[in-house]
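User: I would like to go through this model with you before setting anything up. Could we begin with the terms and then take the details in turn?

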Amino acid sequence: MSPQHLLDAPNCAICIRMVRSTSNDRGVTRRWRWLLPVLVLSFALATIAKGPVRTGDRSPLARRGVGVPVSATVTRVPTATPSAARSLLTIEIATSTPPPSASTALHDAAIAHGAVGLSVADREQARERAELVYAALWEHFFIEDDRLFREAVPFADSDGNPYSYVWPLSQTLAASNQMALLPDADPLHLDHPLFVTGSMERYLDLNLEPPAYAAYLPSPLGDESDHFFDDNAWIGLEMLRVYDLTGNDLPFERARQIFDFIVSGWDFDESRPSPGGVFWVDSTWNMHRNTVSNAPSAKLGLLLAEREPDPDRRQYYLDWSKRMYDWVDASLMESGGLYWDHLDEDGTIDETIYTYNQGTMLGATLLLYDATGDERYLERAEEISLAVIARWDSNELLGQPIAFNAILFHNLLIMNDQRPNPAYLNLMLTYADQIWLGHRDPDTGLVTTGTPTPLLDQSGAARIYAMLAGYGS
């Protein structure tokens, strides 16, 4: 039986009812019902395909059924294992406009005073907020009988879909992972990453090779939908965190399959402007190549490489990640060192600058520094970070989706570990205060910058508060 059949089988609902019938204490019932997804995921693990086997310079991966050639330089056998210098990749880093001198002065002051962290009071306040926002997420968005989540509250989806799309659900998984990482986390929170992973499995399309997650639920709960490469990259990143948290092998295998699916979305048409790059969606109706389909994918590949025991597979991750990263750097970086959104098919650039694109390129740059030890990557990461704080103050961040900012903050915190700067944490704390005071309903606990409240906003806010609560503790 496939993972999809296991999760959709009627006996799953029967099992939940049986657990409920064993006790009149609803608290006990709610505690033990989280075991079901763990059992389901264990069964699913036994049926996983291990991904394509590569030979020579061809791959059986396909985009719309057409074989995709993979360069021999990408699939080569590595000549050496990681050395002490960690020099696994060829380094070619684009230069950008130097950051503003005021931001540089802030960095110099931070270095002079040592590491920059959060106070105990800051963390305690963020912890209290995280618990309240996260509790409201489960109270208002979780549909207990279906083991799925709503897209928005109150329900007002114009196309009639009662459940969340997979992109918001990926960020709910991000929030659950962050809550599980808190010191002395609620035992219930420790179960949530696997439970949300179980919900995510309902979106998996096993008819694709390799399997990938669809934008919405399949029949009978939904209709046929497209497979977005960026959606899958977000899922893969969080699956790796679930793997690290739980030791369950299923999320790791899913992340590996996702990366193979993303590679199948590389544009090999050399006649296009700025040839290369991963498409946004696996479809003929949209041929955009985006920062968001390449930068988080590069991050995913680099994180997979850190965990991959097979040297050939590890080199495959490193080479493709570098290829995706270099394409964004060469095709979508603006003069100030930040990144535009995407290229149209005719080469027209959408020059919108979103916070999550800066965050993922920052994170990928830091991972390339980890993989290579080359200081130029660390310098480039600081350029991106300083350009971010020069462009956005906390008020201007309110014009960006909360979840986008959560992704940026996640990577800024990693940057702060490398080169502390008080401006990074000040920006996050001020923004978190503004969201709490100006965009949260104290009666419901719902956080939003619009109406109705989307799951994406609630998940992003919970993630931000949980990140701050756990940082440096």
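Analyst: A residue counts as buried when its relative accessible area is under 20%. On that basis, buried residues make up 58% of the 473 residues in the protein chain. Please note that this is a predicted model.

User: What is the mean pLDDT of the chain, and what share of residues reach 70 or more?

Analyst: The mean pLDDT is 81, and 74% of the residues reach 70 or more.

User: Where is the pLDDT below 50?

Analyst: One such stretch is residues 1–34, which has 48 contacts in the model beyond near neighbours in sequence. Another is residues 45–115, with 140 contacts counted in that way.

User: How many helices and strands are there?

Analyst: The protein chain has 19 helices and 11 strands.

User: What is the accessible surface, and how much of it belongs to carbon and sulfur atoms?

Analyst: The accessible surface of the protein chain is about 18900 Å², and carbon and sulfur atoms account for 54% of that area.

User: Now the aromatics. How many pairs does a search of the whole structure find?

Analyst: The search finds 27 aromatic pairs. One of them is Phe142 with Phe195: the ring centres are 5.5 Å apart and the planes stand at 80°, so the pair is edge-to-face.

User: Why is that angle enough to call the pair edge-to-face?

Analyst: Planes over 60 degrees apart count as edge-to-face, and the 80° between Phe142 and Phe195 therefore places the pair in that class.

User: Which elements does the pair tie together?

Analyst: Phe142 lies in strand S3 (residues 142–143), and Phe195 lies in helix H9 (residues 187–200), so the pair ties together parts that are 53 residues apart in sequence.

User: Are the two residues buried or exposed?

Analyst: Phe142 is buried at 9% relative accessible area, and Phe195 is buried at 4%.

User: Which pair is stacked?

Analyst: Trp234 and Tyr356 form a stacked pair, with 5.8 Å centre to centre and 20° between the planes. Trp234 belongs to helix H10 (residues 229–246) and Tyr356 to helix H14 (residues 355–372), so this pair ties together parts 122 residues apart in sequence. Both Trp234 and Tyr356 are buried.

User: Back to Phe142 for a moment. Which residues do ring pairs link into a cluster?

Analyst: The cluster consists of Tyr134, Trp138, Phe142, Phe149 and Phe195.

User: Which residues touch the most other members in the largest nonpolar core?

Analyst: That core holds 125 residues, and those that touch the most other members are Phe149, Tyr213, Phe259, Leu300, Met324, Phe409 and Ile464.

User: What does Leu300 touch?

Analyst: Leaving out residues up to four places away in sequence, Leu300 touches Ala233, Gly236, Leu237, Leu240, Ala255, Ile258, Phe259 and Ile262.

User: Charges next. Where does the charged end of an arginine sit over a ring?

Analyst: The charged end of Arg391 sits over the ring of Trp392, 5.5 Å from its centre. The charged end of Arg440 sits over the ring of Trp436, 4.0 Å from the centre of that ring.

User: Turning to the backbone, which residues does a cis peptide bond join?

Analyst: Ser219 and Pro220 are joined by a cis peptide bond with omega of about 10°. Pro220 is in the loop between strand S7 (212–213) and H10. Thr451 and Pro452 are also joined by a cis peptide bond, with omega of about -5°. Pro452 is in the loop between helix H18 (422–438) and strand S11 (453–454).

User: Which residues other than glycine have a positive phi?

Analyst: Asp184 has phi of about 55° and lies in the loop between helix H8 (166–180) and H9. Ser274 has phi near 50° and lies in the loop between helix H11 (249–263) and strand S8 (289–290).

User: How exposed are Asp184 and Ser274?

Analyst: Asp184 is exposed at 77% relative accessible area, whereas Ser274 is partly exposed at 31%.

Conventions: Residues numbered from 1 in each chain as written. Predicted model: local features only at pLDDT ≥ 70, side-chain atom pairs only at ≥ 80, totals over all residues. Heavy atoms only, no water. Phe/Tyr/Trp six-rings, centres within 6.5 Å; stacked < 30°, edge-to-face > 60°. Helix = DSSP H or I, 4+ residues; strand = E, 2+ residues; numbered from the N terminus. Buried < 20%, exposed > 50% of the residue type's maximum accessible area, 1.4 Å probe, protein only. Lys NZ or Arg CZ within 6 Å of the ring centre and 35° of its normal. Core = buried A, V, L, I, M, F, W, Y, C linked by side-chain atoms within 4.5 Å. Contact = heavy atoms within 4.5 Å. pLDDT = per-residue confidence, 0-100. Areas by Shrake-Rupley, 256 points an atom, 1.4 Å probe, with all protein chains shown as cover.
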